[in-house]
Amino acid sequence: MTDTHLFRPPIGEDVRSPRAPRLLAGRGKFTDDVPAPRIAHVAYLRSPYAHARIIAIDRNAAIFAPGVLLVASGAEIREDCASWRGTHDLFPALVAAEQPPLAIDRVCWHGEPVVAVVAETRAEAEDAVELIEVRWEELPPVADAETALTGPAIHPKLGGNIGFETTVEAGDTSTAFAAAHLVVEENFRFGRHTGVSLEPRTILADYNSAEDSLLVHQSHQTPHQQQDLFSRLLGIPEHKVRVVCPDVGGAFGLKHHLHGDEITACVLSRKLGRPVKFVADRLESFLSDIHCRDHEITARMALNDEGQITAIEVDDLFLVGPYSQYPRSSIAEGNQIARLCGAPYRHTNYRAHLRMLYQNKNLIGHIRSVGHPLAAAVTEGLLDKAAVGLDIDPVELRRRNYLRDENFPLTSPGGIEFEHLSFNACLDRVLEMMDRPTLLAEQNRLRKKGVYRGIGLNTFVELTAIGPEYYGGGGQHISAQEGCFVRIEPSGMIRCMTGVTDQGQGIDAGIQQIVASVLGVPIDDVRVESGDSALSPYGGGSWGSRGAVLGGEAALRAARTLRRNILNLAAALLQCDASALDIRDRNIVDAASSQIRITLAELANTGHFKPFAFPKDIQPALAVVEHYASRDRLFVAGNGIQASYLEVDPETGFVKLLSHWAVHDAGRLLNPLLVKEQVRGGVVQGLGGVLFEECIYSPEGQLQNGTFADYLVPMAAEMPDIEVDHIQTPTATSELGTKGAGEAGTAGAMGAVLNAINDALSPFDTRISKTPCTPDRILRALGKI
Amino acid sequence: MTDALEITLTVNGMPVTRRVPMRLNLVDFLRHELDLTGSHVGCEHGACGACSVVVNGGVVRGCLMFAVQADGTIVETIEGASESGRLKPLQDAFHNHAALQCGFCTPGMLLTASALLAQNPSPDREAIREAISGNLCRCTGYQAIVDAIETAAALEQNDD
């Protein structure tokens with residue numbers, strides 16, 4: 001097939017999400033909307049302490065409370081569900097403690113689930129939870145880096161709280177720093193935050209003892225991963241576990257982990273013989289949804305007198321929870337930072353030291369843009385500081401150091417393969433969009449009036465669409481291959497099932513576009529279904545900016561196979577050569593003359609109902625499944641740049657966002673509109689992380705903010721309009737040439753704002769390097785409080 | 001102490017009588033008693049707006065009102081508002097602007113936007129942002145929603 005067929009419309013068009021009409025009508029179906037006869041509800045007693053021994057649990061009053069069906073502690077379900085350990089074979093030095101679904105004998109973080117109460121209603125379950133009396137013996141908590149390094153081990157068997165330590169090294173940094181014209185250094189503190197999906201984590205588990213089967217509806221990104229986990233940990237044959245992820249109300253990575261309170265719902269359903277539902281309330285979400293970030297990073301950069309970066313050193317203390325997250329492990333964020341600092345630049349001397357430290361706080365895992373925002377903020381923060389030190393314009397300093405077209409492909413000092421990144425093209429475009437000279441003039445003019453505005457640029461690199469070598473090679477049962485099923489119905493309509501899932505990204509539309517393009521039918525003739533581990537071809541779901549890259553490629557292959565089958569059948573009927581035929585607008589046509597030979601519907605109808613029309617050696621195959629896995633690459637690297645223009649009020653410490661620009665290279669764009677909206681949404685999550693969002697723990701390891709009144713998320717009034725554009729450098733690792741897009745906005749927003757704030761603060765000769773940049777922290781930086 | 005009361009109200013044009021626990025909030029009543037699952041529960045403390053429904057003509061948080069407080073009222077949910085056709089211009093504009101992703105906030109956004117346009121038929125962007133500032137959307141970053149409401153307002157103005 002020629003490229004004309006591969007990339008003809010509707011590929012490249014602004015197709016809207018096929019889920020949108022039902023969601024707009026209030027007719028979506030989220031997990032909590034799924035009915036189940038005899039449903040029961042679980043509520044959890046959670047640990048009020050960061051670290052404590054469970055001496056005794058008295059639940060007599062709870063057992064006899066109205067509506068209560070079952071009360072179960074961690075010890076009581078020990079035999080019903082295996083525990084797990086978040087290790088990763090690619091990081092053999094990573095040590096991790098075994099984690100049970102509910103705490104046994106000891107709690108290790110504030111919010112850890114301890115006792116499950118199942119009742120006829122959630123309210124009755126919560127009432128009964130209140131009646132449970134636990135005798136605790138408080139243990140000293142590990143709630144900061146220093147205690148983690150010097151205090152007692154949370155898990156004595158691990159021999160300390162360092163879960164993983166590594167040094168990534170290239171060249172000779174010591175010599176380079178000794179010879180440097182300028183060295184800039186910064187201590188960064190990136191606060192802990194979380195994903196905050198608007199739909200909380202929700203699971204409905206329905207175990208059927210008659211056939212030892214488990215049907216789970218779950219608000220989740222990865223149905224096949226859950227099928228595997230439930231099968232292995234609960235001891236149910238895998239083909240009898242079915243996980244359905246219906247409409248999912250936002251996920252952002254937090255819904256591709258295993259949470260103990262979720263798998264416990266499955267255990268309880270099996271014990272009770274009834275469907276059991278768990279919905280995290282908002283406080284539980286803040287306490288127990290996976291968290292992210294929490295890094296103390298000291299970094300320095302050496303430059304010569306021409307402004308060339310000669311060396312970078314990074315030291316990252318990565319503060320995770322008491323356990324390494326399962327099944328992926330918690331290592332990725334630290335590892336990506338250690339490998340991606342300095343990534344956009346030509347430099348050869350690099351040293352990154354990473355220590356992943358266990359502490360008594362909620363677990364850290366993978367939330368939208370893992371490590372990338374921090375690596376970019378560190379690099380670009382140092383670069384801007386160097387620009388001041390060298391008195392070189394920050395744009396010029398970037399240009400002098402960017403990797404250029406002729407440098408690719410290369411393996412970075414951090415050990416990552418870069419196929420081709422478009423730093424200069426992205427910078428050129430963003431400068432055009434933002435009209436920097438005008439902004440600079442305005443900034444100068446206003447400074448004289450006591451108005452402090454800042455301009456910040458942030459170049460970023462992101463690693464998308466993880467290949468099978470990373471998790472498969474790491475021993476995890478996480479699929480990096482994707483499958484797609486495509487069938488032509490007798491009417492000529494197309495039904496498609498994909499292994500990737502859609503939590504709002506719009507990947508269903510992307511799959512629809514690819515299939516419609518290849519099969520020559522209007523977009524609405526293609527219906528895409530996903531999110532069912534029993535029915536969808538096996539795949540990894542959607543996370544890590546992989547949907548279009550991997551799911552798209554599988555769809556391309558499946559559609560092409562079906563197209564070939566259809567054309568071969570048509571050729572047999574028409575007694576011509578299949579290569580002379582094409583499918584256009586629901587018709588099989590003579591490719592050269594466009595003359596209609598037979599309609600697609602007639603051909604499909606004949607194939608399904610009148611197969612005798614074909615020669616005896618032809619069996620019509622009008623449904624196909626194809627798969628795709630990349631080979632010999634860990635990631636598809638993408639890149640982009642963002643710019644922020646904002647105003648800092650030095651009296652109040654408030655930051656007002658004025659404008660934001662993002663230029664991103666996602667390779668070939670399947671759907672510019674939806675990619676743009678992915679970037680925008682991602683930017684706003686990044687803005688939340690840099691300005692507002694923080695899971696605040698007390699020195700005792702108690703979460704201090706568990707509501708939207710004190711954990712602030714971006715709302716419409718504070719957000720600026722965000723201008724987005726694309727550069728397209730297709731990857732050659734696939735035919736479609738797409739790169740991931742879902743995390744790009746988040747990857748770049750944080751550093752852009754941080755740099756803009758520091759630019760605004762420059763007249764005061766102070767800097768801020770702690771996120772979120774709250775008014776309080778800005779006033780402290782200004783010495784006002 | 002009685003812990004349940006009988007209430008009668010009109011929901012999406014239909015009379016409804018149910019005996020409900022005193023502590024049941026309105027959105028749970030609508031979702032679980034009446035199976036009107038288009039209103040969503042996001043925070044249960046009145047901060048996110050996912051549970052927005054219309055009571056006696058005004059948009060309220062379904063999680064901050066008890067079902068018993070809705071006795072005698074006229075309630076409209078996204079299902080009723082959608083089926084009546086009154087949201088069509090907004091729904092079309094949201095669709096065209098891709099002003100929704102996961103769709104969980106969307107029913108509340110639409111009802112809030114509709115209330116804004118009823119009060120102010122040609123709001124500027126700032127007024128739109130202000131009006132929806134009590135509705136959390138975690139996916140879109142709001143701009144497409146603002147665009148959509150602006151478009152719907154312009155269309156309705158042209159129709160008048």
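Student: What ipTM does the predictor give the complex?

Tutor: The model is predicted, and pLDDT is the predictor's confidence in each residue, from 0 to 100. On that scale chain B averages 97, with 98% of the residues scoring at least 70. For the complex, the predictor gives a pTM of 0.98 and an ipTM of 0.98.

Student: How many charged residues are on the side of chain B that touches chain A?

Tutor: The contact takes 43 residues from chain A and 40 residues from chain B. On the chain B side, the elements giving two or more residues are helix 2 (78-83), helix 3 (88-96), helix 4 (106-119), helix 5 (125-131) and helix 6 (143-159). By class, that side of chain B has 18 nonpolar and 16 polar residues, and the charged ones number 6.

Student: How far apart are the C-alpha centres of domain 1 and domain 2 of chain B?

Tutor: Chain B is divided into domain 1 (4-77) and domain 2 (85-159). Their contact takes 11 residues from domain 1 and 10 residues from domain 2. On the domain 1 side, 5 residues are nonpolar, 6 are polar and none is charged. The C-alpha centres of the two domains lie apart by 23 Å.

Student: Which residue follows helix 7 of chain A?

Tutor: Helix 7 of chain A spans residues 223-234, and its 12 residues reach 16 Å from first C-alpha to last, close to the 16 Å expected. Its buried residues are Pro223(A), His224(A), Gln225(A), Gln226(A), Gln227(A), Asp228(A), Leu229(A) and Phe230(A), and what covers them includes strand 12 (213-218), strand 13 (241-244) and helix 8 (260-272) of chain A. After helix 7 comes a residue with a positive phi, near 70°, namely Gly235(A).

Student: Which residues are in contact with Val117(A), leaving aside its neighbours within four places in sequence?

Tutor: A contact here requires C-beta atoms within 7 Å. With neighbours within four places in sequence set aside, the partners of Val117(A) are Val42(A), Ala43(A), Ala62(A), Val68(A), Val71(A), Ala125(A), Ala128(A) and Val129(A).

How values were computed: Residues numbered from 1 in each chain as written. Chains lettered and ligands numbered in written order. Predicted model: local features only at pLDDT ≥ 70, side-chain atom pairs only at ≥ 80, totals over all residues. Helix = DSSP H or I, 4+ residues; strand = E, 2+ residues; numbered from the N terminus. Expected span 1.5 Å × (residues − 1). Buried ≥ 20, exposed ≤ 12 C-beta atoms within 10 Å, placed from the backbone. Contact = placed C-beta atoms within 7 Å. Domains from an automatic or database assignment. Nonpolar A, V, L, I, M, F, W, Y, C, P; charged D, E, K, R; others polar.
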